[in-house]
4 protein chains.
Amino acid sequence: MKERQRAFGSSDFVRDRPSGTRSRTSRKKTRAEKTEANREALFWAAAEIVGRHGYSAASIARITARAKMAQGTFYNYFESRQAIFDQLLPRLGEQMLEHVRAMAREGRDFREKEELSFRAFFDFLRIQPHFLRILSEAETHAPKAFKRHMSNVSRGYIAFLKRSRARNEIKNLGDQEIEAIAYILMASRSYLGLRYLGNLPPSMKKKLPDHVVDAYMQLVADGLAKQ
Amino acid sequence: MKERQRAFGSSDFVRDRPSGTRSRTSRKKTRAEKTEANREALFWAAAEIVGRHGYSAASIARITARAKMAQGTFYNYFESRQAIFDQLLPRLGEQMLEHVRAMAREGRDFREKEELSFRAFFDFLRIQPHFLRILSEAETHAPKAFKRHMSNVSRGYIAFLKRSRARNEIKNLGDQEIEAIAYILMASRSYLGLRYLGNLPPSMKKKLPDHVVDAYMQLVADGLAKQ
Amino acid sequence: MKERQRAFGSSDFVRDRPSGTRSRTSRKKTRAEKTEANREALFWAAAEIVGRHGYSAASIARITARAKMAQGTFYNYFESRQAIFDQLLPRLGEQMLEHVRAMAREGRDFREKEELSFRAFFDFLRIQPHFLRILSEAETHAPKAFKRHMSNVSRGYIAFLKRSRARNEIKNLGDQEIEAIAYILMASRSYLGLRYLGNLPPSMKKKLPDHVVDAYMQLVADGLAKQ
Amino acid sequence: MKERQRAFGSSDFVRDRPSGTRSRTSRKKTRAEKTEANREALFWAAAEIVGRHGYSAASIARITARAKMAQGTFYNYFESRQAIFDQLLPRLGEQMLEHVRAMAREGRDFREKEELSFRAFFDFLRIQPHFLRILSEAETHAPKAFKRHMSNVSRGYIAFLKRSRARNEIKNLGDQEIEAIAYILMASRSYLGLRYLGNLPPSMKKKLPDHVVDAYMQLVADGLAKQ
DNA sequence: AATGAATGAGGATTCATTCAT
DNA sequence: TATGAATGAATCCTCATTCAT
């Protein structure tokens, strides 16, 4: 249960930074940089622990131990335990969206975009395997963030579906139907992630099996195709 | 935060009884009946609290307060706090399956059965509105029960899909694709439940809007139809 | 930790009874006999548990479980938990004294009597291996019984020593010295018992090694002999 | 039953310090010193309570109250209640041995050394009157420490006896007999301590009566003398 | 800004005792 | 008389948060 190994949640947080800001090799960090680094360390420690063991297991003691800091230091960076919880999902969710959008952009039509974004989501889970647990427990432990995330993501999805509809790439569904479809597609990603990538020791970054992509795409493409 | 009112869930357990055995009005309960009633009271108090506030908020103090018992009494009925958590999902999950299966049985083909079972699921959520939260946090707080539930439900779903395939009512998918589809359909129910029935004061038993059923059935029926 | 096996502390309690009163084979017990048997069962269950795990581990639940009774039944036989604790040492102590005295009686002089009683004590420990622990923790958990036992036993020992002194079988010690000697001899028995018979699974009834008897008798006989 | 007064034992720990390091009057304690002082306060509070009322009466609440700390603070200094119990006997036992050895060193032969160490033991009991109870209940409440202490002390005693044997100062006993004798001598100290210094309000530091020393030395010296 | 000790409320669990059956 | 459920106080321990250094 001790959290001494690997202070930083993962290399992901480094990768996360716009590459220009990466600290030059072996220059001493400025105060601001060190502050930022500490906040990051805490954030990723929390993400790791919540992702692996759940919000209720993420005590300040555990988070700070993993971030190699004293307990008290936590409160220089976050107002409270709840405060850091409230930031987990928004930030990871935004990361996820960026990652997915960047990929989907390459597709030329609904089908291509949808497959690309579907694959991108599971890519992202390999980078950030804790995302799904952080998401699912957020409903109780960070409910505002959860709602915001869900409506945020669904809004994007709905817009995408409406654009596809306008381009005649999918069935002519009503707006309300489109919203429901968006939720179904979001749901699929979560459950398939859970089923096919879940519970992995995070070193073992399995890939989503192709037959899952096939099944999904058959259902979605045919299910939404103009008849 | 005090838990003094009777758990709503408990009406369900009464409904659950074979109607012949319902205790005659104002007869004194036998010892065995009282024991059973207490266990039920604790169970539904826990279900209510977990469903509404999450597992970590379900302290023994809170559960027993809601069930109007002394704290120590809890341990006459359950070995530990974890023990009652481990029973929540299996029991509610079984209830859900029975409810859904009973409805689906009436359908004549894949499409009818699927729609009936889909509607039945949301019926069930109106009876047992805490089911979804109990399910989603179970991943961390009752992981064995969670896995068993998921594989239990998916097994049933997969069998249903294979039967439909054998009857030529749906596309000729491979076994692996069928499993993925099963997860997608399970996922849809959860997320749509969350979106359209979630977060309700449990008295307000909203119905799932028809356009959601439409959207779902269009996607699924066309998505799985023989082309 | 469960105490289901072997309701009766040991065959000792049977052996304990004056042989005339032993219940005739397969006659139904009278009410009084049954009552008595229950009390005995509780007593020996308590002795066993205290002897093996200490007073603080001897909960009513554990005692009654071992005696195969309901918890509440305990209070038909003993006023309180403390009450049964207060009876353990007096009764076992009395048993011990009887056992030892019966043996010592056969000796003709100080030396013989002392050796016989010394050996008898360790005999007794094989019959009643829990005696020493019950004794040593009684100082805190049944202090009155402890004091009474100690003064009871020392009184007997002192009388024996004084008689030996009167018969010129030992040194001419003052009364105060005699008391100190009595404590030393009692002490020796306890510690040697602990060292050479202690911590045994009570089935393994080891015998006190002869060299211990030798050492003791050399010390005592020469130490108290007229010079 | 409240534990508000300062533990008496703690004066001992002060006395224990090399005199040069004693904190100057009214200098503020450094953090490290305060930490050390707290640990000591807890230790001696526990020793006092265990010595006076037994291990099972030594609750964290009681210990911390006596040490004038919040309950939670305890766990900054000891891993668990058992942990502090496990330290009581080793530490007091070591103190005892040092005290006794320092005195015995002055003796020139077996007889002198034995008398000095005997007297030193009772000296020590006046300083540390809880030692005997801490020792006797340790058998059940800190069994590993108990065994280690016993074999530790007996080892020293046996070595002393063997040296005396080699110098022809005592009878030529076999090794096994020597071990038994060692236990007898240890036993005597305990029981005589209990009888003659026990149960005292710890302010009343009675001295062991001379006639007890006489009796003991007569028994031991003559009992072990070459005939 | 960083530390880590201190706090005390809150949590799970145990238990002696009571009491209705 | 025997039962075993009910009680609620007491126990050990954890933890978010505060604060002096």
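These are my notebook entries on a predicted model.

**Ground rules.** I worked with a predicted model, in which local features need pLDDT of at least 70, side-chain atom pairs count only at pLDDT 80 or more, and totals for chains, interfaces and linings use all residues. Residues are numbered from 1 along each chain as its sequence is written, while chains are lettered from A and ligands numbered from 1 in the order in which they are written.

**Entry 1: domains of chain A.** I looked up the division of chain A and found domain 1 (12-78) and domain 2 (86-224); the bounds come from an automatic or database domain assignment. Their contact takes 11 residues from domain 1 of chain A and 12 residues from domain 2 of chain A (contact: C-beta atoms, placed from the backbone, within 7 Å). On the domain 1 side, helix H1 (12-16) and helix H2 (31-53) of chain A each supply at least two residues (helices are DSSP runs of H or I, at least four residues, numbered from the N terminus). H2(A) gives the largest share of that side, 7 residues. By class I noted 5 nonpolar, 2 polar and 4 charged residues there (nonpolar: Ala, Val, Leu, Ile, Met, Phe, Trp, Tyr, Cys and Pro; charged: Asp, Glu, Lys and Arg; polar: the others, Gly among them).

**Entry 2: H7 and H8 of chain A.** I checked how helix H7 (residues 131-141) packs on helix H8 (residues 143-166) in chain A: the angle is about 125° and the axes are 6 Å apart. Axes are lines fitted to C-alpha atoms over the stretch in contact, with angles from 0 to 180 degrees between N-to-C directions. H7(A) and H8(A) are therefore oblique to each other (under 35 degrees is roughly parallel, over 145 roughly antiparallel, 65 to 115 roughly perpendicular, the rest oblique). Ala138(A), Glu139(A) and Thr140(A) of H7(A) meet Pro143(A), Ala145(A) and Phe146(A) of H8(A). I sorted the residues of this contact into 4 nonpolar, 1 polar and 1 charged.

**Entry 3: chain B against chain A.** I found 36 residues from chain B and 35 residues from chain A in the contact. H9(B) gives the largest share of the chain B side, 13 residues. That side divides into 15 nonpolar, 14 polar and 7 charged residues.

**Entry 4: DNA strand F.** I found 33 residues around DNA strand F, and the closest are Ser59(A), Gly72(B), Ala70(C), Gly72(C) and Ser59(D) (near: C-beta atom, placed from the backbone, within 6 Å). The largest share of this surface, 3 residues, comes from H2(B). By class, I noted 10 nonpolar, 19 polar and 4 charged residues.

Definitions and conventions:
Contact = placed C-beta atoms within 7 Å.
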